[in-house]
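Welcome! Take a moment to look over the sequence and the structure, and then we will walk through some of the parts together.

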Amino acid sequence: MAKQHQLELIARDKTERPAKKKTAPKAALKVASKAKPKAKPRAARKAAPVAALKALPKPSPKPIVALTATDMAARQREISVSEFFTKNRHLLGFDSPAKALLTTVKEAVDNSLDACEEAGILPDLTIVISEITETRYRVVVQDNGPGIVKAQIPRIFGQLLYGSKFHTLRQARGQQGIGISAAGMYGQLTTGKPIRIASRTGSSKPGHEFEIQIDTKRNQPVVVSDRELAVKAPPSGDDKRAVERHMEHGTRVELEIEATYKKGRHSVDGFIEQTAMANPHAGITYVAPDGERHEYTRVAQELPKAPLEIKPHPHGVELGILLKMLHETKSRNITAFLHHDFSRVSGPVAEEIVKAAGLPLTMSPGKAAREQAEALYKAIQATKLMAPQSNVLSPIGEELLIEGLKKQVTADFYSATSRSPAVYRGNPFLVEAALAYGGGHLPADELATMIRFANRVPLLYQQSACAITKSVVQTTWKTYGIQQSRGAMPTAPMVLMVHIASVWVPFTSESKEAVASYPEIMKEIRLALQDVGRKLGLYIRRGLREADAEKKRSYIEKYIPHIGIALQEILGIDDKRKEKVCATLKDTLERSRKNE
Ligand SMILES: Nc1ncnc2c1ncn2[C@@H]1O[C@H](COP(=O)(O)OP(=O)(O)O)[C@@H](O)[C@H]1O
Ligand SMILES: [Mg+2]
């Protein structure tokens, strides 16, 4: 730290000195001249340039003496990922205190649900957010998952880019191994408090409680405290957390962060409600900062179909990744490499690709130079291959989409669709859509509410940058009897829900808020929306027809008696005959209305 400062100061001195000679007024020169690094003790050297800078007139934009390569070399140093993300925390979703609260809860909830599903456990989650001060909150997320073995806890929570999901192609909520450790780092940065984790892997095993911080310079965990939890610790009344620590298996994560809490759909409340919608197999208890308790009971009693892990499809791999894979593979030759490290490449096809690239079949993958990798890449692109395996995804399904919607939205009409898998850049994905319409509870003259999900995780921010929003806006809702202004969301008493599931969801940034607009993905979303839209159109038209018929019937009932009276007056007929004429008229009109 001190060393780095010194380096910066020395470099700054060098650039400033000549400028001072030319333009600085005398007073400034005096101060500046004190700043000569060799002549002064260290403390004075540190303070002087700041004073000099204040006294100096605005520095000229170009330094007159440029830095030498050696000066620059002295400034170079490695930047650890955690240092990088400390400065760029907006990239991870910590750009405002309100969003920080949501992101923290989201990362912990994502991990809990992923862990439970991977372990084949129906998830039960407890989320408690409590206010410490108006700008400081405590977040606790506890699951009944498999727990985490002791040795892994420090690195999972105290090191960025450490996780079990990055190197696999499998539908999961987490991807990069950044999530929960970033939340811990944010807490540490804003409140100075370490992240606290309690985890137990089985009822007969002792649990562990850790307090962990991140050494951001080295991206390494620092264990602040570590203690064993007794196998059967009896819950004691005065320790609030004792009962939770007593869990049979699972993990409890507790953080103190700078945050603000707002109610509403775009807040953490909305996130949890939507999480329950897309995860009908999870039971969630949420205690909000105001003490309000929300219980989301389990709708589905079975776990969703477990998603499968696949190898990358050759057509989805970029040259850089291919090079990396070539250098990391355990295969002894490139033919075996293609066959074993990718999906959909049989032995003969692998040979065909290597021959087409003009390379020897037995070439060692590690020896492939850039040009050879490029030849291989081109040969791969030119070879016809089977589409990637697509039955590896785990959709929510039409029935549960509707069940989930029904639990949260009261409406007259519901429809859902779950499309078959498709492929973008070699990655299988699938799109599901559902909608709820009408019923008097939803506002009729406002834009429809849209909720977006990626691998069952609600996306709350960056709505306009997302492929889902773009597809909704581009769909012609008028075809289905719904109003829509040009380039806008439809105006209707409607909630629209779109879910994209993939082994690798292409997000527009690390904070995973919006889905990138690949044409294949846009097309599938459009088709899903058209499908639910068509069903809605039929419902609306049927409703319109019935309303029209109702109007005519009321006309008949309203006017025919008057016609009877008028006829009686003009023709002088008696009451009995008048009633008969009215009955005949009513009958004729009813029949002609039905035949329309
Ligand atoms: N509640 C939990 N239960 C079990 N394992 C967990 C839990 N939370 C995190 N993990 C493990 O820690 C890893 C790192 O988590 P995280 O930093 O959020 O990255 P990611 O979810 O992207 O992999 C996960 O891959 C998972 O293996
Ligand atoms: Mg995660």
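Predicted model: local features only at pLDDT ≥ 70, side-chain atom pairs only at ≥ 80, totals over all residues.

## Around the ligand

Helices α6 (97-118) and α8 (179-191) each supply at least two residues of the shell around ligand 1. Residues are numbered from 1 along each chain as its sequence is written, and chains are lettered from A and ligands numbered from 1 in the order in which they are written.

In total, 20 residues surround ligand 1, the closest being Asn-111, Ala-115, Gly-163, Gly-174 and Gly-179; a residue is near a molecule if its C-beta atom, placed from the backbone, lies within 6 Å of it. The largest share of this shell, four residues, comes from α6. By type, the shell around ligand 1 has five nonpolar, 12 polar and three charged residues. Here Ala, Val, Leu, Ile, Met, Phe, Trp, Tyr, Cys and Pro count as nonpolar, Asp, Glu, Lys and Arg as charged, and the others, Gly among them, as polar.

## The sheet and its helices

Next comes an open sheet of eight strands with mixed pairing, in the order β5-β4-β3-β6-β2-β1-β7-β8. Its edge strands, β5 (220-229) and β8 (293-296), each pair on one side only; strands pair if DSSP finds at least two bridges between them. Within the sheet, β3 (195-200) and β6 (250-258) pair in the antiparallel sense over five bridges, and Ile-197 stands opposite Val-253 in β6.

| Helix | Strands touched | Angle between directions |
|---|---|---|
| α8 | β2 (136-142), β3, β4 (207-215), β6 | about 35° with β6 |
| α10 | β1 (124-133), β7 (283-287), β8 | about 165° with β7 |

Contact requires C-beta atoms, placed from the backbone, within 7 Å. Axes are lines fitted to C-alpha atoms, for helices over the stretch in contact, and angles run from 0 to 180 degrees between N-to-C directions.

Helix α10 (268-278) is mostly covered, with nine of its 11 residues buried; among them are Phe-271, Ile-272 and Met-277. Buried means that 20 or more other C-beta atoms, placed from the backbone, lie within 10 Å of a residue's own.

## Further along the chain

The buried residues of α12 (334-341), including Phe-337 and Leu-338, pack against α11 (319-328), α13 (347-356) and α14 (370-382).

Note on methods: Buried ≥ 20, exposed ≤ 12 C-beta atoms within 10 Å, placed from the backbone. Contact = placed C-beta atoms within 7 Å.
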